[in-house]
Every structure is written in C-alpha cells, then in structure tokens.
There are 2 protein chains.
Amino acid sequence: MTTATYTAMTPAILDNLTAIVGEANLSTAAADIDLHAHDEGPHEAHPAEVVVWATSSQQVADVLKLANEHHIPVTPWGVGTGLEGNSIPVQGGILLSMERMNQIIEVHMEDFQVTVQAGMPYMDMNEQLARYGLFFPPDPGANATVGGMLANNAAGIRTVKYGASKDNVLKMKVALADGRLITVGSRSIKQSSGYDLLHLFVGSEGTLGVITEATLKLLPVPEHMVAAIAAFETVEEAIETVVAIRGSGIDVAALEFIDVTNTYAMNQGGADIAPYPTLLMEVHSAHESTMAEDIAIVQELCEEMGAVTFKATSDHAERKKLWHARHIAYETLMRNHPGKRIFIMDVAVPISAYPALIAGAHEAIDAAGIVGYMKGHAGDGNIHIELPFGDEESYLKARDVNDVIIRKALALGGTCTGEHGVGIGKARFMEEEHGESLNVMRDIKSLLDPNGILNPGKIFPEGAH
Amino acid sequence: MTTATYTAMTPAILDNLTAIVGEANLSTAAADIDLHAHDEGPHEAHPAEVVVWATSSQQVADVLKLANEHHIPVTPWGVGTGLEGNSIPVQGGILLSMERMNQIIEVHMEDFQVTVQAGMPYMDMNEQLARYGLFFPPDPGANATVGGMLANNAAGIRTVKYGASKDNVLKMKVALADGRLITVGSRSIKQSSGYDLLHLFVGSEGTLGVITEATLKLLPVPEHMVAAIAAFETVEEAIETVVAIRGSGIDVAALEFIDVTNTYAMNQGGADIAPYPTLLMEVHSAHESTMAEDIAIVQELCEEMGAVTFKATSDHAERKKLWHARHIAYETLMRNHPGKRIFIMDVAVPISAYPALIAGAHEAIDAAGIVGYMKGHAGDGNIHIELPFGDEESYLKARDVNDVIIRKALALGGTCTGEHGVGIGKARFMEEEHGESLNVMRDIKSLLDPNGILNPGKIFPEGAH
C-alpha cells in the first residue's frame, strides 16, 4: 500500500457532482459539513469539503468513478452512529451520505428475506417488517443504517443467539472505486460458487467499496420472550455465571453484563436495577414450555453461582423499558459527564477467557486510578468499557488503560474489536492482531482501491492518526 | 488473469520435495498417482507427477514456496470425496495430500470449539468429540476432511438448521502460494477487525491458499432427535410442503426430498420407504416437549398438503439406518448402473422458487428422454439430480439437461452450485452467475497466486476443460 495523494475540491468537480446527484442532493453549507464531521465516538471531528446524498446505486457508482479519476477521498456515511470514527472524513473530500437511499425494495415473504437500500435505518425497517411477523435480528442499539451495520459488521445484544450482521446477509450490490457496480452473494441460502466476495465487503468499513443495497435474512418474531435480571455480590460471580450459562447449551437471546456504575445509568434511563454486578438475559422461543424450562435452568445456574436476586418477566412493557434503558446507557453516561468525552472500549475474547479479561480490565482501571464503566455482550465474550476524559492528561490515562486491556484481549486469543470496527481508533492494533495477514489485507485494499480514495485513514495503521 | 505456464517435474525438484517432507511422504508410484487422479464425481481422471503427504503446516508452506519458485502446479487433496473434480490435478505437478495431518490439536471445551489439522475426516473427529457431548454439525455424507469441507464450503443434510461449513469455522491457518503461513479469523466468536480473510479462503477450493488447520464451532449433541418420513402422491405436493414447513418457522434439522426412483436406492441401502415422492425430516431439541410440539406441527402441515403416510421415530437405530441409507444413496445408484458414470447436478435456489426449479428439472429430463434421479436438501432449496451416462451420446444428453437446469436455477435467483463447489464442472457457468464480480475474483486470484500454481483449472472458465 502506497501513500495516496489527494486533489482538493474544485468548482468544476462540484459541477460534475451536481450533474450526478442533482442540486438538491449536494451541499457545502457549514451546517451540513459540521453535521457529517463526527460520529458518536470520542474521535476528533474533521470536515469534508462537500456532502453528497446519493439517491440510487448508479449515482453512488458515478460519484466514485469521478472521485477516482480526480483522486478525491470519499467517505461513506450512514447516519453517523459509529463509535470508532469509521465515517469521519479525515482527509476531507466527499462525504457520501446514504441517508436518502432508505427504502425497502422488496419483501420476499416466503423466503424470510428483505431487499433494502443501504441507507435504511434498521429499526425503521423492523417496524415495517412487523406486519409480516418478521424481523432482522442484529441489534446494535443506535438506529444505524443497514449499510452502516454491514460495513462495520455491527452486532449487539441479540448476537449471542442470532449472529452478527455478517451472519444475516445474503446478497449485496456494491459500488467499486472505479465506478463498477457489482452484485455479490445470492438469494439462495446455499452457495458454493467461487470466492465469498460478500463477506469480503462486509466489515470492510467502506474501504473496498460502498454497499448500496442488501438482501437480508429475516426470522419470524419469536412468539414468547422472557427477560431476566440476576444480581450478584461480586463481578467474578456474575462473570463465571456467564461462562456457566453458555456452557449449559441454553440458547439465550441476550446475555448482558452490567457493572454497578452502569446500573445507575440504566436506572436513569428508566430501568429499576439494584446496585449490584448484574446479568440481563433474554430467552426467545416459539414454545412457551421451552422458554419456561430454559429460564428455569438459567435461574438455577444463577442461584448456584451465588445470585442474590433473580427476577424474570415476560411483560412486554417491562421488557421494552429494560432494553431501552440498556440501549441508551451510553447516551445517559455522556449526559452524566457534561463537558467530557467518553473513551469507549470494545474488545472480545473466547468465552472461557472472559473472567480473565474482566479481571485484567478492573486491574488496569484501578492501577490508573480512573473511573471505568463496564457493560458488555457477555454471552459473546464482548465487553465495552467507558472511560470519561476531559483534558489531555485524562485522555492519555484512558488511552493507556485502553491499550492495556486490548493487549490483554489479544493475549487471551481475542480481538481488538468485537463489533465497533477498526475505524481510526483500533488501526494501531491491527499489526499485533493479524501479523502477516494484515499485509494480505493491504494488498487487497491496493487491488480494489489503487488510488486510496475509499474512506482513507481507516483500518490500516499507516493511514490513521 | 494471465494464462500460466508450468514446468515439468525434475529429479532435482523431487529431491527438494523429499528434503521437505521426508522420503516416506513422497511417491511417484503408479498406484499412488492413480489413487489421487480422480474424485467421486464423473470428471476424467488426470495423473499428478508426484504425490506428497505433508505432515505439518510449515511443510505445506515450504512445498508451496518451492512449487511457486519453479512454476509447478499444486493440487491440494483431502480424501478425494469431492464431486466436481475440485481435487483432480488436471495440470499434473504436485498432488499435495493432507491425509496425514489428521489430528485434533486441541478441544476448547468451555468455548465449544475444536482446533484440528486440515486432513482430519469430520466423522472421525465427531466420534472423538462425542465423549465431550459436542459435535461439528455440517454433514456432507461422505467422510470428507475438515480442510476439504472448508475449501469447498461443503454443507449437507443438517445445513438447514446449523449452516454450511462457512458458518461453523472461526479461525484457520493458511499457507499461501509464496510460502507465507498466515492466520485468519479469531477464536473470539465476534470479530470486526479488518477484512474477513477467513471467508475469502473458505470455499476458494485451494486456489488462493491451502488450509492447514482450523478452529471449528461445535454444538452440544441434541438430547432429543426425532426423524419423520412423509409420502406424497405427487412431487408437487411434496415440494409445496417443503415451502410450507420452512414458512412455518419450525427449526427442522433436516428436510430432504427423495424422488420415487431414489426410494428404491435407499431401500437397497437399508431403509424401508414406500415408493412415493418422499420427505425425510428430522427435528433436534434440548427439550422433549418442544420436539413433540414441532413434529406435531410438521405432521399437521404434511397432512394438510396431502401426505398419504406420515411416520415419526425417535428410535436411535431406526434413525441411524435411515440416514445411513441416505448417505450411501449415491454409491448405491452407482452400483445399480455398472459400467456407467453418474452426472451429478447440484443447484440451489431461494426456497420460494423450489417448486419451479423441480418442475423445470422434470421437464428437462422428460424432454431429453433420459433417466434422472432426484434427491435434495430441500429445506435449503438445494437439489441433486443424478443422470447416469455411458457413451458420448448419453453424456452429451446428460450435459444438456444439466445446462438447462442450471440456467433455470440462475433465472430463479439461485446458484450453479449449492455445496459441491465449482471445480471443473461449473466453471463455465461462473460468468453467467457472477457477471462483473467474476473479474474481481480473477483479480484476487492473480494477486494471491500470480504464477497460477494453486489448483489450476478450477473455478475460472478460462482454465477449465
């Protein structure tokens, strides 16, 4: 991978862009530039030179072709809910928003599939799909677009049962840097026909191509759902219970760890959780009896491992309130630290290593003498730790703790990012995690984007800050 | 992709190979060459110049490095159970057998994972894993190696519930053409860290690298299993029932269609099936009650759709006999046509298109006036059709029927291969199925194997016969 050099925007290129997307879909106004200069994470904002809203796959391809010819960076944008700066236009150029490609193209009822434009927010999609009794399971929390979820391989609280975004997509339309528009994957759920380009583009964070449409796998909305909360005296007991529940083979639909500090944040968000290390769980089933049996086993395991309280509910409103509080916990935390930013961690390890990861994280936080809020998709071995910072000094402390925990995760056979993607923040760990494989990734990047126009400054250490 | 030119084997190169693998692991004897010149499918045999058995990942890498320097083709080999000529050394050179890398490296009990050498046959592995109460779900039938299954993304009768090989692998060691040995994927079940090289190598049929080790996902052996057989008056009723069962959301673990002709073959193999279009089904559950509820719904659906008989059994011996007969049905068919070869089809479509596919296939077979045996993983929209042929004329007829059915599958939004891979036989349909994406595949092939030494003559139309 060579270092790319870029051309600054010119009036002529702006005219060419306008010719592609129309005047109403292009802006250089400060308000639009600012709105698309940062995501929800702690990374520094950076302005694009122009914001362009594509309204068709062909327009996306045409924008890329033009940008490629003129060596102008293009950063794809869903709705900006990323956390690792994945969609910050760090090299300026074109911010290519997919927000106006937000329609369902076709519901394939009998196949439990839907084809959508990439800019469709997944919660809005699931609302529309409810009338068919179907839903798209991955659930990152923020109302991300389908394209953003796929580009970052987003996951969330239901991944322990239903898999991540990559497990729930069949086919995509992708615009390449040179303006070719290709189709990858198949609506057939089985395909052994050539290289799996589908999964090469999923999780590539817009650095290999821009996803413009996707056909997703859907599932029938489970008839029966029960949520459960178990409180423990110690973090260790809670974490060991996670391993025990996973080891039991019970197919939980959510298995979340919430530390004490985060119980306060969740209660502010409308939950009612006692201030203990807590597990939030959910079981889904088409069978009421199965669900009852499963939750009984879960309760037994929790109590065996020392749970001080265990409460289960199948009440819809109560369940909804609980998961809403979980979803907005990050925002609540931000509000609780006005004027500060939050360094948010995202690492994952094999489940057997989860207790060691959490113990290591606690140690690192204590040693640094800072505050860290932990919550995580424990069933997946995934933890998020939120470290508020204000000035340079507290930033550097948070960053040091972050680094120690990431290296711990890697040493435990895990990954530097379970679901937030690499973006800017994790690029400097890619060498350590992937070794020689990173060079293969670099070669593929050079092959598909020789001018380096696609989302520059992401994934690879040489381009990141 | 440029046309590769190869060097013939020399005594000096044989000496170099011997230095890598040792004298006991290299042979130019006719018996060894012949044994590795064909697979179980109808494609013509072709001899390698030498058979080499690697016994470590490093040896595999060293063999590739040597071959790459000298422009010698290398065809990786599991146990030769492929059907599309995927492991036939059509350009001669080195046949690189993985058969002697057949050990379990580590069972990760708490993580439900196992790390194995690529040459481990999956049935043998599952036998060893039984003591832990765990199993690897993909089940192609023949006792293929794990490496072969991953390289071809094999699937089988349990894929409708548990997914194909690609869905059940987490991490692999891969030797590249230039002798680099890389690790792809992670033992963490969640990973959003860079490009998904894992799935790029899975299904690449040894044309991008050679898989030497793999960490697989395992599941607890289900406590309760019930098999069911439903017989229908017509093929249409049976096929519409498949769509109805899939549409019900019942999580069947097998949903197989067997046509009348194949019921005879299965009965020769030890089953006891009435001569009707038949569905074979299985339901797995940790809960006896769930299984009973599910199978009751399946029965109701079958009867609603016109089943003339429905029989369910949870008897272990009876179930085993049934699936054994299904597994050996292809071999039985071969024995029933002595002196003939079998042209075996493998296409898959979205489930809603399955009735149209089967109707189209029947039409094509009838129009050609030949015999075709159908059976398929109907729950996945996957069908296999076996067309016996003897002379050139009957071969051409079978091939014509094959082509008509493949084009039908593609027109229905399906794929030219659901699980057998492209190999030699499907290469000429790749352009039609993938369009411009095939050029991206070509570019990736050239990138990772610039000298074209890795399993030449497979996947791409320009290299195939």
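According to an unreviewed UniProt entry, residues 43-221 of chain A carry the feature "domain: FAD-binding PCMH-type"; UniProt positions are given in the numbering used here, feature names are shortened, and annotations may be inferred rather than shown by experiment. Helices (H or I, at least four residues) and strands (E, at least two) are DSSP runs, numbered from the N terminus. The structure is a predicted model, in which local features need pLDDT of at least 70 and side-chain atom pairs count only at pLDDT 80 or more, while totals for chains, interfaces and linings use all residues. Residues are numbered from 1 along each chain as its sequence is written, chains are lettered from A and ligands numbered from 1 in the order in which they are written, and side-chain values use heavy atoms, with hydrogens and water left out.

Helix packing within chain B is described next. Helix H1 (residues 11-21) of chain B packs with helix H3 (residues 57-70) of chain B at an angle of about 165°, their axes being 9 Å apart; axes are lines fitted to C-alpha atoms, for helices over the stretch in contact, and angles run from 0 to 180 degrees between N-to-C directions. H1(B) is therefore roughly antiparallel to H3(B), where angles under 35 degrees count as roughly parallel, over 145 as roughly antiparallel, 65 to 115 as roughly perpendicular and the rest as oblique. The contact (heavy atoms within 4.5 Å) is made by Ile13(B), Asn16(B), Leu17(B), Ile20(B) and Val21(B) of H1(B) together with Gln59(B), Asp62(B), Val63(B), Leu66(B) and His70(B) of H3(B). By class, the contact of H1(B) with H3(B) has 6 nonpolar, 3 polar and 1 charged residues; Ala, Val, Leu, Ile, Met, Phe, Trp, Tyr, Cys and Pro count as nonpolar, Asp, Glu, Lys and Arg as charged, and the others, Gly among them, as polar.

In chain B, the axes of helix H8 (residues 235-247) and helix H13 (residues 354-368) come within 9 Å and cross at roughly 155°, which means that H8(B) is roughly antiparallel to H13(B). Val235(B), Ile239(B), Glu240(B) and Val243(B) of H8(B) meet Tyr354(B), Pro355(B), Ile358(B) and His362(B) of H13(B), and by class this contact has 6 nonpolar, 1 polar and 1 charged residues.

A further pair of helices joins the two chains. The axes of H16(A) (residues 437-448) and H16(B) come within 11 Å and cross at roughly 135°, and H16(A) and H16(B) are therefore oblique to each other. Val440(A), Asp443(A), Ile444(A), Leu447(A) and Leu448(A) meet Val440(B), Asp443(B), Ile444(B), Leu447(B) and Leu448(B), a contact that has 8 nonpolar, no polar and 2 charged residues.

Several individual residues were also examined. Met430(A), found in helix H15 (residues 430-434) of chain A, counts as buried at 0% relative accessibility, where buried means under 20% relative accessible area, exposed over 50%, and partly exposed in between (1.4 Å probe, protein chains only). Leaving aside neighbours within four places in sequence, the contacts of Met430(A) include Val422(A), Leu438(A) and Met441(A) as well as Ser193(B) and Gly194(B). Asn152(A), in the loop between helix H5 (146-151) and helix H6 (159-162) of chain A, is buried at 16% relative accessibility, and among the residues that Asn152(A) touches are Asn86(A), Glu419(A), His420(A) and Ser192(B). In chain B, Ile453(B) lies in the segment after helix H16 (437-448) and is buried at 0% relative accessibility; the residues that Ile453(B) touches include Tyr6(B), Leu64(B), His71(B) and Ala177(B).

Backbone angles complete the description. Most residues other than glycine have a negative phi. Phe112(A), however, has a positive phi of about 55° although it is not a glycine; Phe112(A) is placed in the loop between strand S5 (104-108) and strand S6 (113-117) of chain A and is buried at 15% relative accessibility. Asn153(B) likewise has a positive phi, near 45°, and is found in the loop between helix H5 (146-151) and helix H6 (159-162) of chain B, where Asn153(B) counts as buried at 4% relative accessibility.
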